[in-house]
Amino acid sequence: PRIASRNRAQQSATSLSYRLRPEEAAFAKLAAKVPSSAGFYVDAQERLHVLVGDSADDNTARSAIASVVSQRIVSPKAISQPPIVDRAKYRFDELAAWRDRLFDNVLGKVPGVVLLDLDERRNRVTIGIDRSAFSSLRATLPGTLLQLGVDTAAVLYETRSIVSDAA
């Protein structure tokens, strides 16, 4: 039953669009050129990594990334070297759709959930949970995710502190 639920979550992500956020425009542009792409990032050594799900898209991703990134997005050193293609389990559009479902139904609605992030480096959606609620939410959120059509394997949980506006 759980595997079937995950398969439904994967299928439903592809049928649901996502809301493009300005900071994700380059990821969406790459996904338009390389459908199995999941984004890109620059590592600590200033090497550009492109995440792709299908190895048949590797060469397309290598050539497409040059037109997607600019020196404003990544460092000159990063774009002066050939990009490293890493394998991704989830596509950008899947992660973005699941993130949006969680944004609409969990963040700000489930006490203790304090952060939501599409983490292109780890190819997952990250849910930040306040330390005081972590154990209980870690046990109950997977059921909520399945009800929302989110693949539970695509989600990471981290303890986070509640940020106060008071300074």
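Start by selecting residues 134-147, helix H6, in this predicted model.

Now click on Thr 140. H6 has a kink of about 35° here, shortly before the proline Pro 142. Next, show the side chains of Leu 137, Leu 141, Pro 142 and Leu 145: these are the buried residues of H6. Residues three or four places apart in an α-helix point the same way, because there are 3.6 residues a turn. Step just past the end of H6 to Gly 149, which takes a positive phi of about 80°.

Jump over to strand E2, residues 48-52. How many of its residues are buried? The count is 5 of 5, so to speak a mostly covered strand. Side chains in a regular strand alternate between the two faces of the sheet. In E2, Leu 48, Val 50 and Val 52 sit on one side, His 49 and Leu 51 on the other, and both faces are covered.

E1 pairs with E2 in the antiparallel sense over 5 bridges. Pick Gly 39 and you'll find Leu 51 of E2 opposite. The two strands make a hairpin, with 5 residues between them. While you're in that turn, look at Glu 46, which has a positive phi of about 60°.

Last stop: strand E3, residues 84-87. Which way does E3 run relative to E2, parallel or antiparallel? The pairing is parallel, over 4 bridges.

Definitions and conventions: Residues numbered from 1 in each chain as written. Predicted model: local features only at pLDDT ≥ 70, side-chain atom pairs only at ≥ 80, totals over all residues. Heavy atoms only, no water. Expected span 1.5 Å × (residues − 1). Bend = angle between axes of the 7 residues up to and from the residue. Buried < 20%, exposed > 50% of the residue type's maximum accessible area, 1.4 Å probe, protein only. Pairing = 2+ DSSP bridges.
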